[in-house]
Amino acid sequence: MTPSWKDNHALFLIIVGLLAWLVPGAGHFALNQRRRAAVICVMILLTFLVGLYVGSVGVIDPVGAKPWYAAQVMNSPVVVLLGRISTAGDYPVYARPNEIGQIYTSIAGLLNLLCIVNAIYLAHLQGVEGTDD
Amino acid sequence: MTEMTALIGIVEASFSRPMPIDTNPASMLWLLPLVASIAVVYKATKVRAIEPRAFAKDCVILFGSIMVFIIVAALILYLVAWVVAEQLPKIFG
């Protein structure tokens, strides 16, 4: 039994969403939107790296700052690895650098969530337009 | 090889110690790059096609709009804090 169009379409949307989460901009890249993908990738990575540079890896705290961590994980699964490094190592972070670092890395994650949703929506539109033709 | 090791050491050191940032009004300037990033990414998801000039113009307009809104919100909050902290105690003795 061959899978229906809807099953394939759902799988396509899931793959685009996963790609967009794995690497910021990769979802749009898979949809042949190269410029959009480049802008998203550069800006989100830059925002995330500035956050890490300002506050150190210690701003990713899966134990003591769970709400921030939930937003940070939206950047990429790599953040989980950074969280383990941060928990295992001794990375002191405090006061204003901690606040700024957490805000930058979390906003970068939330922006990537916006891009993930947008990539899935564009993939859905492409799929619908493709079948309507 | 030595240069490569030194480079890795510099990168690791850069991301393992926080920057020295004081808690003063100047630290609010860290808001600017973040607002720029939000404006660019948001516009990247909204425009139909990314044409450099039109895209840059849209981003600058959104950046300006966000900044104006933040400044107005800050002024209103400052005014409320001033009334509550300095004027109300005078009125009610």
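User: What average pLDDT does chain A get?
Analyst: Chain A averages a pLDDT of 86, and 92% of the residues score at least 70. pLDDT is the predictor's confidence in each residue, from 0 to 100. This is a predicted model, where local features need pLDDT of at least 70, side-chain atom pairs count only at pLDDT 80 or more, and totals for chains, interfaces and linings use all residues. Residues are numbered from 1 along each chain as its sequence is written, with chains lettered from A and ligands numbered from 1 in the order in which they are written.

User: Which elements of chain A have the lowest and highest mean pLDDT?
Analyst: Helix α1 (residues 5-22) of chain A has the lowest, at 83, while α3(A) has the highest, at 92.

User: OK, how many helices and strands are in chain A?
Analyst: Six helices and zero strands. Helices (H or I, at least four residues) and strands (E, at least two) are DSSP runs, numbered from the N terminus.

User: What box do the C-alpha atoms of chain A fill?
Analyst: Roughly 55 × 35 × 20 Å, taken along the principal axes.

User: And how much of chain A is buried?
Analyst: 44% of its 133 residues count as buried. A residue is buried if 20 or more other C-beta atoms lie within 10 Å of its own, exposed if 12 or fewer, and partly exposed in between, with C-beta atoms placed from the backbone.

User: Let's look at one helix. Which residues of α5 in chain A are buried?
Analyst: In α5 (residues 78-88), they are Val79(A), Leu82(A) and Ser86(A). Seen down the axis of α5(A), the buried residues fall within an arc of 55°, so they line one face of the helix. That arc is the one made by the directions from the helix axis to the C-beta atoms.

User: What's on the face turned away from the buried side of α5(A)?
Analyst: That face carries the exposed residues Leu81(A), Arg84(A) and Ala88(A). As for the buried residues of α5(A), what covers them includes α4 (66-72) of chain A.

User: Switching topic: how many residues of chain A are in contact with chain B?
Analyst: 29 residues of chain A are in contact with 20 residues of chain B. Two residues are in contact if their C-beta atoms, placed from the backbone, lie within 7 Å.

User: Which helix gives the most to that side of chain A?
Analyst: α3(A), with 13 residues. The side of chain A that touches chain B divides into 21 nonpolar, five polar and three charged residues. Here Ala, Val, Leu, Ile, Met, Phe, Trp, Tyr, Cys and Pro count as nonpolar, Asp, Glu, Lys and Arg as charged, and the others, Gly among them, as polar.

User: Which residues have the most contacts inside the largest nonpolar core?
Analyst: Ile40(A) and Val41(B), in a core of 40 residues. A nonpolar core is a set of buried Ala, Val, Leu, Ile, Met, Phe, Trp, Tyr and Cys residues joined through C-beta atoms within 7 Å. The largest share of this core, 11 residues, comes from α6(A).

User: What does Val41(B) touch?
Analyst: Leaving aside its neighbours within four places in sequence, Val41(B) is in contact with Ile40(A), Met43(A), Ile44(A), Leu111(A) and Cys115(A). Val41(B) is also one of the buried residues of α2(B).

User: Last one: is Arg48(B) buried or exposed?
Analyst: Arg48(B) is exposed, with 5 other C-beta atoms within 10 Å. Arg48(B) is in the loop between α2 (31-46) and α3 (52-91) of chain B.
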